[in-house]
Amino acid sequence: MENKMFCYQCQETAGCKGCSVRGVCGKTPEVAALQDLLIYVTKGCAALTTALRSEGKEVSYEVNHRITLNLFTTITNANFDGAQIKKRIADTLVCKEELLQQLEDKRELPEAALWTAEPSAYMEKAKSVGVLATQDEDIRSLRELITYGLKGLSAYSKHANVLLADDAELDAFLQRALAATLDDTLSVNDLVALALETGKYGVKGMALLDGANTQAYGNPEITKVNIGVGKRPGILVSGHDLRDLEMLLEQTKDSGVDVYTHSEMLPAHYYPAFKKYKHFVGNYGNAWWKQTEEFASFHGPILMTTNCIVPPKDSYKDRLFTTGASGYPGCKHIEGEIGQEKDFSQIIALAKTCRPPEEIEQGQIIGGFAHAQVFALADQIVEAVKSGAIKKFVVMAGCDGRAKSRSYYADFAKALPQDTVILTAGCAKYKYNKLNLGSIGDIPRVLDAGQCNDSYSLAVIAMKLQEIFGLEDINELPIVYNISWYEQKAVIVLLALLALGVKNIHLGPTLPAFLSPNVTKVLVDNFGIAGIGSVEEDMKIFFGE
């Protein structure tokens, strides 16, 4: 039977092989096809910008931003709105034509750079440009590994861009690498090297965003975050975009409406700049996959600033708003380009008509252990390591998800020896950040650096410890890696760690379906990549217990 679609970019892909009828995420075959076509024309656009740079010509920020936004739009759970994606395809085709006019030598261009059509032809073209268009399994695997890494990198670039931070070298690489996935002359070895180079620029991209965030909002600091609710109506903000949150907080001052974070927006509470907003009252709920029940009980409007959207229930769909790269058919979308002030007045007006949130839990959770804060505690941490009070650090960063097998990470955290400290970032922390795991002296046993992009902090911390202890190899540190993944931002984090030389990373709950057996063997042989087993088995591997 012919596939209605094919997508295997996320961890929950059907049967760990590929979604071929409908996305497990809820993506329809039509939207999957449009996303494939958007990626195709964006690769064509990247081929043109790369060619223009080779002729010594400049590429505008607007074009750079279009390419990153297009990639971000296709990340898992970001945008389900076919109309929005069609518009991005049409706008990109116009952009390609303008770039073509500037290019002098058009002889070596790939077909993706030249193709254009009316919207009526989009679906037919999409059939021939999806993932399976690459016949060789290993080439396909590496092309997708690179593309997914670039999608993750584009997300982090976009968050930096909205804070008016750009890096021309980063944009040039992203576009060169994206264009290279169209090049049939590149061998497996060439693509492996490009994947590692993508990881190197992943570190650069996360550093760009870290600098943009801390310059705008200060360095994260140790913070206790309320997980209960107040008595006033509220607006719930999910996703990752701190600039969107800042604009909403400014517009809701003195409105009688409280603002809460959800899932990956939790770490906003750690930044000093957001603490001045008295109506920024806490975090509501857990990781993204629980939103269908938590959004229903929140009662007020929800603003999705990025992924991760779960197809909404009718009970709250009219309260769900999207902005930026996110979109869902039937939900209102808040427009606003980079540098523009978005108008959230309709969200605020709706909030005033809603009941206060229903309380689902009480208490506090602690976080704010990004690199600057950890460096401030460096003497205590080093002394704890030297004295043997801390024997090992366990990096458990990454993504959460709805698969029952992910209970492994909660069980693993509970089973850890009392002399270990968890380093985390991303929504994976919701598996254990509300457990009472205690402290070692004054050091909590769960150190939350922030969002998934703040995995950068964990790398910086590791490199600082390597320097302090005078070690030649980062792998000599008492740090082990047991990372959970879900979507493409986790892919760029993985590639970044590999580029930094980190080895023996355990990745779960399953290895990516897009890794062919041969590509998996390369990662195993060269970097010691491994999957997870049972908690008992992995405790023996990591701790010999």
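Helices (H or I, at least four residues) and strands (E, at least two) are DSSP runs, numbered from the N terminus. The model is predicted, so to speak a computed picture: local features need pLDDT of at least 70, side-chain atom pairs count only at pLDDT 80 or more, and totals for chains, interfaces and linings use all residues. Residue numbers start from 1 along each chain as its sequence is written, and side-chain values rest on heavy atoms, with hydrogens and water left out.

View 1: A pocket here is an open set of points on a 1 Å grid over the protein atoms alone, where a 1.4 Å probe fits, with protein on both sides within 12 Å along at least five of seven lines; lining residues have an atom within 4 Å of a point. Look for L69, K158, G336, E337 and I338, which lie nearest the centre among 33 lining residues.

**View 2: who lines the largest pocket.** α2 (61-73) is one of the elements that supply at least two lining residues, and α2 gives the most, with 6. The lining splits into 11 nonpolar, 8 polar and 14 charged residues (Ala, Val, Leu, Ile, Met, Phe, Trp, Tyr, Cys and Pro count as nonpolar, Asp, Glu, Lys and Arg as charged, the others, Gly among them, as polar).

**View 3: the second largest pocket.** Its volume is about 560 Å³. Y40, K43, V129, G130 and A133 sit closest to the centre, out of 30 lining residues.

Notes:
Grid points are joined across faces, edges and corners, and a volume is the space filled by probe spheres set on the points.
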